[in-house]
Amino acid sequence: MMACIMFAALYIAGGSLFLASVAAHIYVRVRLRPGDADLDDYYHEFEDQHPDYARYTRWLQITLSAAALGLLLMFVPVVL
């Protein structure tokens, strides 16, 4: 009985985290993408030093990691 409650809690937490991080990832892709035309003038090795581009890539990594963690939380009860 206690295991069912724990599995349900993991499913709910993992699903909520996954859905929230997917929504945040879409928001980051749409709203935080740097639209500067001068970003193309940066050499590809230095484009991560552009402050808007650095913020954009950092948030992309955070949201993608949160989505992966949410999926992991949902599949842990299947393995156990």
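**Helix α2 in a predicted model**

Analyst: Tyr53 and Tyr56 sit three residues apart in helix α2, so about one helical turn separates them; a helix here is a DSSP run of H or I with at least four residues, numbered from the N terminus. This is a predicted model, in which local features need pLDDT of at least 70 and side-chain atom pairs count only at pLDDT 80 or more, while totals for chains, interfaces and linings use all residues. Residues are numbered from 1 along each chain as its sequence is written, and side-chain values use heavy atoms, with hydrogens and water left out.

User: How many aromatic pairs does the structure hold?

Analyst: The structure holds one aromatic pair. Tyr53 and Tyr56 form that pair, with 6.3 Å centre to centre and 40° between the planes, which makes it tilted (ring centres of Phe, Tyr or the six-membered ring of Trp within 6.5 Å; planes under 30 degrees apart are stacked, over 60 edge-to-face, the rest tilted).

User: And is Tyr56 buried or exposed?

Analyst: Tyr56 is buried, at a relative accessible area of 6%, where buried means under 20%, exposed over 50% and partly exposed in between, using a 1.4 Å probe and protein chains only.

User: Switching topic, what does Thr63 touch?

Analyst: Leaving aside residues up to four places away in sequence, Thr63 touches Ser21, Ala24, His25 and Val28, contact meaning heavy atoms within 4.5 Å. Thr63 lies in helix α2, which spans residues 51-79, and with 5% relative accessibility Thr63 counts as buried.

User: What about Phe75, buried or exposed?

Analyst: Phe75, which is also placed in helix α2, is exposed, with a relative accessible area of 51%.

Note on methods: Helices (H or I, at least four residues) and strands (E, at least two) are DSSP runs, numbered from the N terminus.
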